[in-house]
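Try each task before reading its solution.

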Amino acid sequence: MYYCEFCESFIEEEDLPRYTQSHPYGMGSAEEEIVEYECPNCHSDLIKARLCPICNEEYIKDDDDLCDTCFEKNCTIENCVEMGKDAVEEYELNGFLASVYSKDEIEDCLLADFAKMPKHMQDRYIADYCGEDKYFLVEFLEEKMKNADLY
Ligand SMILES: [Zn+2]
Ligand SMILES: [Zn+2]
């Protein structure tokens, strides 16, 4: 499936404009079918649909690694925390606090603090983190689906 941004129409592969061209071939001629990858209504360039690796549905988006529905559905705090485990960042911490608290205790404390943030701010942080590298999110979700199949 294709999409024309200009006239906002969806076009199936078989509805693309096509014509036959004949080439001289030996003593006669050969016919070749030429498909025009342009909008049959307004002749603009088309965007090809991509297959979402998560739900296997086609979606129209020029430069995205998954469909909007799957993206929104998977923008959750649980996924962010799980993804963050594979992408740890280093911090230098006050030596005294480091002598009192373990890494896990600090993380629990920060998660509790995050939960107190207003919902719209939480949502923004979550969407930013998931959206920063959608390919990373796709890899994470694929891994998660693979593991879910195993059990
Ligand atoms: Zn068009
Ligand atoms: Zn999807």
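**Exercise 1.** Find which residue stands opposite Tyr 3 in strand 5.

*Solution.* In this predicted model, start at Tyr 3 and look across to strand 5, where Ile 47 stands opposite. Next, check the direction: strand 1 (residues 2–4) and strand 5 are antiparallel, paired over 2 bridges. Now widen the view to the open sheet, whose 3 strands run in the order 2-1-5 with antiparallel pairing. Strand 2 (9–11) and strand 5 (47–48) are the edge strands, each pairing on one side only.

**Exercise 2.** Work out how helix 2 is oriented relative to helix 5.

*Solution.* Two packed helices are described by the angle and the distance between their axes. Here the axes of helix 2 (residues 77–85) and helix 5 (residues 119–132) come within 10 Å and cross at roughly 50°. Helix 2 is therefore oblique to helix 5. As for handedness, their crossing is left-handed.

Then look at who meets whom: Ile 77, Asn 79 and Cys 80 from helix 2 meet Ile 126, Tyr 129 and Cys 130 from helix 5. Sorted by class, this contact has 5 nonpolar residues, 1 polar residue and no charged ones.

**Exercise 3.** Locate the domains of the protein and state how far apart the C-alpha centres of domain 1 and domain 2 lie.

*Solution.* Begin with the domain assignment, which gives domain 1 as 1–48 and domain 2 as 65–151. Then take the C-alpha centres of domain 1 and domain 2: they lie 45 Å apart.

Notes: Residues numbered from 1 in each chain as written. Chains lettered and ligands numbered in written order. Predicted model: local features only at pLDDT ≥ 70, side-chain atom pairs only at ≥ 80, totals over all residues. Domains from an automatic or database assignment. Pairing = 2+ DSSP bridges. Helix = DSSP H or I, 4+ residues; strand = E, 2+ residues; numbered from the N terminus. Axes fitted to C-alpha atoms, helices over the stretch in contact; angles between N-to-C directions. Parallel < 35°, antiparallel > 145°, perpendicular 65-115°, else oblique. Left-handed = near helix turned anticlockwise from the far one by under 90°. Contact = placed C-beta atoms within 7 Å. Nonpolar A, V, L, I, M, F, W, Y, C, P; charged D, E, K, R; others polar.
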